[in-house]
Amino acid sequence: MAELLTDDQVTEVLGKLPDWTAENSALVRTAELASFPQAIMVVNRIAEIAENDNHHPDIDIRWRTLTFRCSTHSKGGITALDVSLAEEIDGVLDSVS
């Protein structure tokens, strides 16, 4: 099982994930999409990835604004699984921008 990242490791990760922040033991990113259908399409694609990886983000949907929170709940914080998922979320968002 993945181990919690140290504060220094999280800081290093954030240098590679410029659209993300660390908040309350999670990696967090908010993205505004062009339309509600596009936002739902992104959520559906990320749901497929999350199911495949068996690691799921918390997703808040507000019209066309999505907020993703990646945290390994069983560990109580950020692990390498969350970093990988954040990178995959970035890839999906980059593909629609």
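The model is a predicted one, in which local features need pLDDT of at least 70 and side-chain atom pairs count only at pLDDT 80 or more, while totals for chains, interfaces and linings use all residues. Numbering starts from 1 along each chain as its sequence is written, and side-chain values rest on heavy atoms, with hydrogens and water left out.

The side chain of K16 has a partner in E12, and the two form a salt bridge at 3.6 Å, N to O (a side-chain nitrogen of Lys or Arg within 4 Å of a carboxyl oxygen of Asp or Glu). Both residues belong to helix α1, four residues apart, or about one turn of the helix. Helices here are DSSP runs of H or I with at least four residues, strands are runs of E with at least two, and numbering goes from the N terminus. As a general point, side chains of opposite charge can pair when their charged atoms come close.

In total, the count reaches seven salt bridges. One of them joins E3 to K75, again at 3.6 Å from N to O. E3 lies in the segment before α1 (7-16) and K75 in the loop between β4 and α3 (80-96), so this pair ties together parts that are 72 residues apart in sequence. E3 is exposed, at 55% relative accessible area, whereas K75 is partly exposed at 27%. Another salt bridge, at 3.0 Å from N to O, links D60 and R62. Here D60 is partly exposed at 30%, while R62 is exposed at 56%. There is also a salt-bridge network, made up of D19, R29 and D90.

Turning to the strands, β2 (residues 26-32) is mostly covered, with five of its seven residues buried. Strand β2 pairs with β1 (residues 21-23) in the antiparallel sense, over three bridges (pairing takes at least two bridges between two strands, as found by DSSP). On the β2 side, A26 is the bridge partner of E23. The hairpin of β1 and β2 has two residues between the strands, and N24 takes a positive phi there, near 50°. Strand β2 also runs antiparallel to β4 (residues 65-70), joined to that strand by six bridges. In this pairing, L27 has C70 of β4 as its bridge partner.

Key
Buried < 20%, exposed > 50% of the residue type's maximum accessible area, 1.4 Å probe, protein only.
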